[in-house]
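Okay, everyone, let me put this one up on the screen.

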Amino acid sequence: MEFMGIERDRLHLSWISSAEATKFVEVVNNVTEAVRALGPNTHFIKNEAKVA
Amino acid sequence: MVGYIDKIKEISERLLKDGKVDMVIGFRKGTMPMMNEPHRVKSADDVKNLVWDSNCGINLANYLTDRKEKIGIVAKGCDSRNIVTHIIENKIDRDQLYIIGVPCKGMIDSHKITNAVSGEIVDVVESNGEVTVKGDGFEETFNKADVLQKNCAVCIHRNPVIYDELVTDLVEEQADVDRYEDVREIEAMSTEEKHNFFDDLLAPCIRCYACRNACPLCYCPTCFVDESRPQWVGKGDDPVDIKTFHFLRAYHCAGRCTDCGSCERACPVGINMRLLTKKLEMDCLNLYGWEAGLTLDNRPPLDTYKPDDPEEFIK
């Protein structure tokens, strides 16, 4: 995905067991932080057709 | 390379007469110059229509999918690798095939020649490493090495990897070619540059799906772009949909693509979509030491699990 022009920090993959609540919170916090730092996505946005 | 055809005809005729195969898949002269088309020969009388020159770039493994009869197939290095992939993926049985191996010295890029001359090309003659193009009021000669398909220029598997019979001696493989120079160039770009680069690259796409249809890997009964329930991707010419199609198609070829160049060759507007499949090919080589279609003995990396598989991307 990085190759085609999506910022590295915008996409995350993690493997969390249903028993790992702490890890889940940690990962979610990290993801939000990383994506917030990048700002809103400007690529790969498809605008809905405008209806008059 | 031009002289191979007598041998191909001889083998094909023998196979058909002896009843060893029900048909031979090869090439016949196309209706346009530099566009030889696939041909299924089902009787010995038809063998005379087979041809072989540097315009046989289309990958014939594409015509093997789910066939039930016994087939003789003419195979270059890349075709043979895709035949291996087909066998691995249970799309054809090895016992059904008689592979006529053709050591290959590269195919001509018709886009390059068409762009280099002005006017319509009516005739192309090839001899001694030179390609002479004739049209209305012009005649030009090119060095074949200069007009090779881009994937052929960096090919390191010119000889068939499996075959039952060869039409000629094996050729020397190219050793010092840099296969991934263009991929590294893109990797060095910033995110914004990458995005713009692919925007420009894919802008001319008309969504004709010729690349998909020419690809021997694309054999799904219903392609994700044709699916309407659910509809994965829009069917119009919105740039986002076009990119989604190309990126996803490339992903479907991960670990399977042999860089045969059929997609690029089939493209009517000359998009180099091989850049996408090549990136995945390079990653497969670097991460798993895998090159598609070289052996029947190993499973491809994406359908096996090893405890030491790279996993840095999982957080």
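So, polar contacts across the two chains: with both partners at pLDDT 80 or more, there are 2 residue pairs in polar contact between chain A and chain B. Keep in mind that this is a predicted model.

What about the area? Putting chain A and chain B together buries about 1700 Å², and carbon and sulfur atoms give 66% of that.

Okay, on to chain B by itself. We've got 10 helices and 9 strands here. Its radius of gyration is 20 Å, close to the 20 Å that the globule rule gives for 315 residues, so chain B is as compact as a globular protein of that length. If you'd rather think in boxes, the C-alpha atoms of chain B fill roughly 60 × 55 × 45 Å along the principal axes.

How much of chain B is buried? Of its 315 residues, 51% count as buried. And if you take the contacts in chain B with a separation of 6 or more, 66% of them come from residues 24 or more positions apart.

Now let me zoom in on two residues. The first stop is B:Lys278, which sits in helix α10, residues 274-288 of chain B. Buried or exposed, this lysine, B:Lys278? Buried, because its relative accessibility is 3%, and the cut-off for buried is under 20%. So who's around it? Setting aside the neighbours within four places in sequence, B:Lys278 is in contact with B:Val154, B:Arg179, B:Tyr180, B:Asp182, B:Val183 and B:Asp259.

B:Cys208 counts as partly exposed, because its relative accessibility is 39%, which falls between the 20% and 50% cut-offs. One distance for this cysteine as well: B:Val84 is 124 residues away from B:Cys208 along the chain, and their C-alpha atoms are separated by 28 Å.

That's my tour. Over to you.

Conventions. Residues are numbered from 1 along each chain as its sequence is written. Chains are lettered from A and ligands numbered from 1 in the order in which they are written. This is a predicted model: local features need pLDDT of at least 70, side-chain atom pairs count only at pLDDT 80 or more; totals for chains, interfaces and linings use all residues. Side-chain values use heavy atoms; hydrogens and water are left out. Buried area is the accessible area (1.4 Å probe) that two parts lose on being put together, summed over both. A polar contact is a pair of N or O atoms within 3.5 Å; within protein, one must be able to donate a hydrogen and the other to accept it, and residues adjacent in sequence count only if both atoms are side-chain atoms. Helices (H or I, at least four residues) and strands (E, at least two) are DSSP runs, numbered from the N terminus. Buried means under 20% relative accessible area, exposed over 50%, partly exposed in between (1.4 Å probe, protein chains only). Contact means heavy atoms within 4.5 Å. The radius of gyration is taken over C-alpha atoms; the globule rule is 2.2 Å times the number of residues to the power 0.38.
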